[in-house]
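Have the viewer open and follow along.

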Amino acid sequence: MYSIVTNSLTKIYETVPTNIKAHVRGMKEQGPGLWVKNVFKLRTQKMRKVVATNALSFSVEMGEIFGIVGPNGAGKTTLIKLLSGLLYPTSGSAKILNFDLINDHEKVKDKIAYVSTSGWMGLEWQLTVYENLLFYADLLRIPRKTSKTAIYKVINALGMEGYLKKTIPELSAGMRQMLTIARGLIADRPILYLDEPTTSLDPFARKRLWDFILENKKSRTIIFSSHDPREIEGYADRIMIIKNGKSLIVSKPEDLLKKFSIGQIYQAELSNVNDFDLDKMVKIIDIFSLSDKRIKIRFSLKGSLNDLVTFLLSKNVVIHNITRTRPSISDAYLRIVNHD
Amino acid sequence: MTDLFNELRAIWAFSKREMVIWTSYRVNIWTWIIDVFINTSIFFLISLLVGHHLMGAYGTNYVSFVVIGLSIYYISYTNLGDPFPRVARIYWNGTMDLYMLSPLSYFTPVIGIMFRSVIDDYPRVGLAFLFGWLFFGANFTFRVPIYVILGVVLIGFSTFGIGMISASSFYLLNFKRGSEPISFILQDVVIALVGGYYYPVNVLPKYLQILASFIPHTYALDLFRRALLPGASLIQPVLPLQYVLSFSPIVVDTLILTLQTVVLFPLGFYLYYLGIQKARKEGTLTRWQ
């Protein structure tokens with residue numbers, strides 16, 4: 001059911017089912033929730049480069065959860081701002097529910113909700129949680145008859161019932177972020193942009209948020225960004241990986257795993273790892289520091305496991321354990337980003 | 001009609017929010033009353049010093065004369081001076097993106113957020129009149145009420161038009177920090193000097209009187225003083241254009257104010273619109289990119 005439109009990004013085009021490709025070749029600008037063609041390359045402003053997206057083409061279906069993942073500075077926020085109409089592209093075109101993003105922006109505004117990563121900055125600090133939401137319900141034209149119900153529905157789903165009468169300074173960073181998200185959800189728009197929504201959220205809050213989103217998935221298209229591929233793996237129907245404003249790939253998570261997680265992934269806990277060239281023996285995927293001397297490392301082998309063990313022992317490294325692990329989207333992501 | 005209703009509903013929401021914020025600063029109300037009282041008393045003391053001199057077409061009561069000057073100053077200070085800092089507040093608070101993505105006109109947030117200025121400044125007009133009358137010997141009459149009402153509307157809209165021109169510079173000219181030169185030059189230099197808040201314009205050198213002819217304040221002050229000050233003349237010309245045009249001075253004031261409003265009000269909104277469009281193209285609309 002996915003259709004993706006592209007001129008030059010053949011990697012993206014490969015993921016398009018054949019029946020959709022025929023439709024895409026005709027470039028019919030209709031159907032999907034969001035349709036983007038050769039967008040965007042924003043001009044540079046005087047001395048500083050403002051925006052980081054190059055020509056991108058893709059589309060997203062209604063009811064789809066579309067994850068945008070990339071390292072810091074990849075252009076995720078810029079892309080979401082472009083897709084919401086906050087920024088103008090310098091080329092290309094985009095449609096949302098058949099409305100032109102730029103020319104019909106006033107109509108588009110009724111179709112989209114936007115949660116920005118820094119949205120908590122814009123909360124009304126002297127107002128309570130409930131007053132904040134009521135204020136935005138008025139701005140978002142939610143009918144007065146239903147606004148209270150809409151607010152309570154979201155508040156209950158996100159577990160914020162106990163905070164309704166608290167003002168913003170009384171909230172923790174996580175709760176402020178939850179309120180920012182609630183503000184975007186009360187309008188129940190068909191297109192929802194979430195720019196790194198789970199920043200500052202604890203795992204329980206993350207789960208509550210995603211449970212609510214998944215419950216309402218059918219009626220919405222969700223486009224969300226994250227720099228954490230593990231988060232995207234669990235929830236996105238498709239993933240776009242971007243780096244330096246370029247789309248590296250658009251794919252279903254399972255296809256991404258198949259294509260880019262070839263080979264076995266290992267995980268090891270080691271001590272006394274000094275400054276020697278571990279890169280010669282393994283391809284490092286991730287390193288976590290467990291203590292001053294102990295690290296946890298995820299890697300794929302360049303040679304055999306025996307060679308690696310011999311090498312480590314020769315360097316007086318203490319091997320606490322080495323286990324095989326299931327390849328994850330993180331592995332595929334790192335592989336794609338590092339091989340760009 | 002629905003759109004208009006929704007815009008009004010949003011303005012009302014902003015107004016309620018501004019009211020909550022304003023009343024949350026409890027010391028505000030007292031400093032606010034003291035400020036108006038001190039301002040009025042300063043001019044009363046000056047009037048004691050200089051005496052109640054004859055002020056030509058505007059009668060003889062300097063305190064009454066200055067109370068009207070102060071009132072227009074308060075209105076102008078709000079309408080002309082506040083749109084820029086309000087837009088700056090929206091931008092720096094990081095709410096511009098939310099407002100721009102809400103199904104509202106570009107202007108509704110600015111108009112809505114201006115309500116704090118209105119509740120903060122407009123009642124000062126009433127207090128200035130009250131204190132002047134209660135404590136400092138000011139007195140007023142109420143002639144030609146229709147012109148007074150028209151004058152209030154026109155000075156309100158024309159100064160807000162200039163205010164929006166000033167606000168548009170936030171995006172159009174990228175004045176993001178500190179003071180903004182358009183309102184500074186107009187409000188704090190030109191209008192402060194030649195607007196006639198504290199002295200009749202005809203005491204100025206001729207070239208400054210001509211400069212005064214271009215600002216709405218000159219005509220509004222002339223209109224209100226003629227209409228509200230006992231003993232003021234409705235026929236004796238004071239301003240350069242009142243000598244040129246063969247209407248009564250108060251009609252000239254109204255006509256010129258109307259003309260300035262028709263030009264300045266839409267111009268302010270148009271420039272603000274252009275500023276937003278420019279910011280969207282350049283990627284400078286919101287604080288966080």
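A pocket here is an open set of grid points with protein on both sides within 12 Å along at least five of seven lines. Please keep in mind that this is a predicted model.

**The largest pocket**
- The space in the largest pocket comes to about 550 Å³.
- Its lining is made of 26 residues, and those nearest the centre are B:Ile75, B:Asn79, B:Tyr122, B:Val152 and B:Gly156.
- Several helices of chain B give two or more residues each to this lining: H1 (2-24), H3 (62-79), H6 (108-113), H7 (115-135), H8 (145-172) and H11 (216-228).
- H8(B) supplies the largest share, seven residues.
- By type, the lining residues are 21 nonpolar and five polar, with no charged ones.

**Helix H1 of chain B**
- The 23 residues of H1(B) should span 33 Å at 1.5 Å a residue, and this agrees with its end C-alpha atoms, which are 33 Å apart.
- Buried residues of H1(B) include B:Glu7, B:Arg9, B:Arg17 and B:Glu18.
- Also buried in H1(B) are, among others, B:Ala10, B:Ala13, B:Phe14, B:Ile21 and B:Trp22.

**B:Asp222 in helix H11**
- B:Asp222 sits in helix H11 of chain B.
- Is B:Asp222 buried or exposed? B:Asp222 counts as buried because its relative accessible area is 1%, and the cut-off for buried is under 20%.
- Leaving aside residues up to four places away in sequence, B:Asp222 touches B:Tyr58, B:Val238, B:Leu239, B:Gln242, B:Pro249 and B:Asp253.

Notes
Residues are numbered from 1 along each chain as its sequence is written. Chains are lettered from A and ligands numbered from 1 in the order in which they are written. This is a predicted model: local features need pLDDT of at least 70, side-chain atom pairs count only at pLDDT 80 or more; totals for chains, interfaces and linings use all residues. Side-chain values use heavy atoms; hydrogens and water are left out. On a 1 Å grid over the protein atoms alone, a cavity is a set of points where a 1.4 Å probe fits but cannot get out, and a pocket is an open set with protein on both sides within 12 Å along at least five of seven lines; lining residues have an atom within 4 Å of a point. Grid points are joined across faces, edges and corners, and a volume is the space filled by probe spheres set on the points. Helices (H or I, at least four residues) and strands (E, at least two) are DSSP runs, numbered from the N terminus. Ala, Val, Leu, Ile, Met, Phe, Trp, Tyr, Cys and Pro count as nonpolar, Asp, Glu, Lys and Arg as charged, and the others, Gly among them, as polar. The expected span of a helix is 1.5 Å times one less than its number of residues. Buried means under 20% relative accessible area, exposed over 50%, partly exposed in between (1.4 Å probe, protein chains only). Contact means heavy atoms within 4.5 Å.
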